[in-house]
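This report covers a metal site and the packing of helices. The structure comes first, and the description follows.

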Amino acid sequence: MNCPYCGYQDSKVIDSRSVNDSIRRRRQCLSCSSRFTTYERLQPVSLFVIKKDKRREEFSRNKLLVGIRKACEKRPLPTGAVDKLADDIEAELFQLGKAEIPSAVIGEMVMERLKRLDYIAYIRFASVYREFTDITALKQEVDTLVSNEAKKSHPTSQLQLLPDEKLEAMAKGRQRSQQ
Ligand SMILES: [Zn+2]
C-alpha cells in the first residue's frame, strides 16, 4: 500500500482494530511519516443475484451502493450512513450463507432500512424498485408513511427552541430600535 502523500511503498502499522467485518489499520509512512488508514476486508465467496428476468449476476456491493446513493441524494443524512447501509446489507446477505439470492430479497432489505432512515429516500427507491404503476399506488405508500409518522409521539424537541430564540432576539432588536 503506497503512501497517499508521497507514494512511498513501505509503512508501519501503528494501530490495528476490528471494525464490523474488516480490519482498520492506522499506518505511518516510513519515508515522510504521514499517517493514513487502510481497511482490510475479506473477499467473500461469490454470491449471485437472480434478477426478475431470471438472469444471474454476481452480487456487486458497488451496484448496491450506487442505487442507495441515488435514492439518498441531497438528503440530510449523517456522513457514512449510506456506506453503512450497504455494508449492513452485504454482511446480512453473506450471513444467509446462500449461493444465490433473488434481487427482490435485496430490494426489500434496502427498502426496509431506508424506511427507517429517511422517508424521501425510501419513496425514491421504492418508486424505482416497485415500479409504482400509477399514482394511486404511490399515494397509498405515502399515506401509510404519513399516518405512521402521525402515530409517533412528538416530544418537544430542541429544534423548536431556535425559532423562539430568534423571535426573542427580533423582539429585543425592535425594543432597542424603539428606544
Ligand atoms: Zn509518505
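## Helix H1 against helix H4

Helix H1 passes helix H4 in a right-handed crossing (right-handed if the near helix is turned clockwise from the far one by less than a right angle). This is a predicted model, in which local features need pLDDT of at least 70 and side-chain atom pairs count only at pLDDT 80 or more, while totals for chains, interfaces and linings use all residues. Residues are numbered from 1 along each chain as its sequence is written, and side-chain values use heavy atoms, with hydrogens and water left out.

The axes of H1 (residues 61-72) and H4 (residues 119-129) cross at roughly 125 degrees and come within 8 Å. Gly67, Lys70, Ala71 and Cys72 of H1 meet Ala121, Arg124 and Phe125 of H4 (heavy atoms within 4.5 Å). The residues of this contact divide into four nonpolar, one polar and two charged.

## Helix H1 against helix H3

The axes of H1 and H3 (residues 103-117) come within 12 Å, crossing at roughly 35 degrees. Leu64, Ile68, Ala71 and Cys72 in H1 meet Ile106, Val110 and Leu114 in H3. By class, this contact has seven nonpolar, no polar and no charged residues.

## The zinc site

Cys3, Cys6, Cys29 and Cys32 coordinate the zinc ion through their SG atoms at 2.3 to 2.4 Å (donors are N, O and S atoms within 2.8 Å of the metal, or 3.2 Å for Na, K and Ca). The four donor atoms subtend angles of 106 to 114 degrees, which makes the arrangement tetrahedral (all angles between 85 and 135 degrees). In sequence, the donor residues are spaced C-x2-C-x22-C-x2-C.

Conventions:
Axes fitted to C-alpha atoms, helices over the stretch in contact; angles between N-to-C directions. Helix = DSSP H or I, 4+ residues; strand = E, 2+ residues; numbered from the N terminus. Nonpolar A, V, L, I, M, F, W, Y, C, P; charged D, E, K, R; others polar. Tetrahedral: all angles 85-135°; square planar, octahedral: opposite > 155°, others 65-115°.
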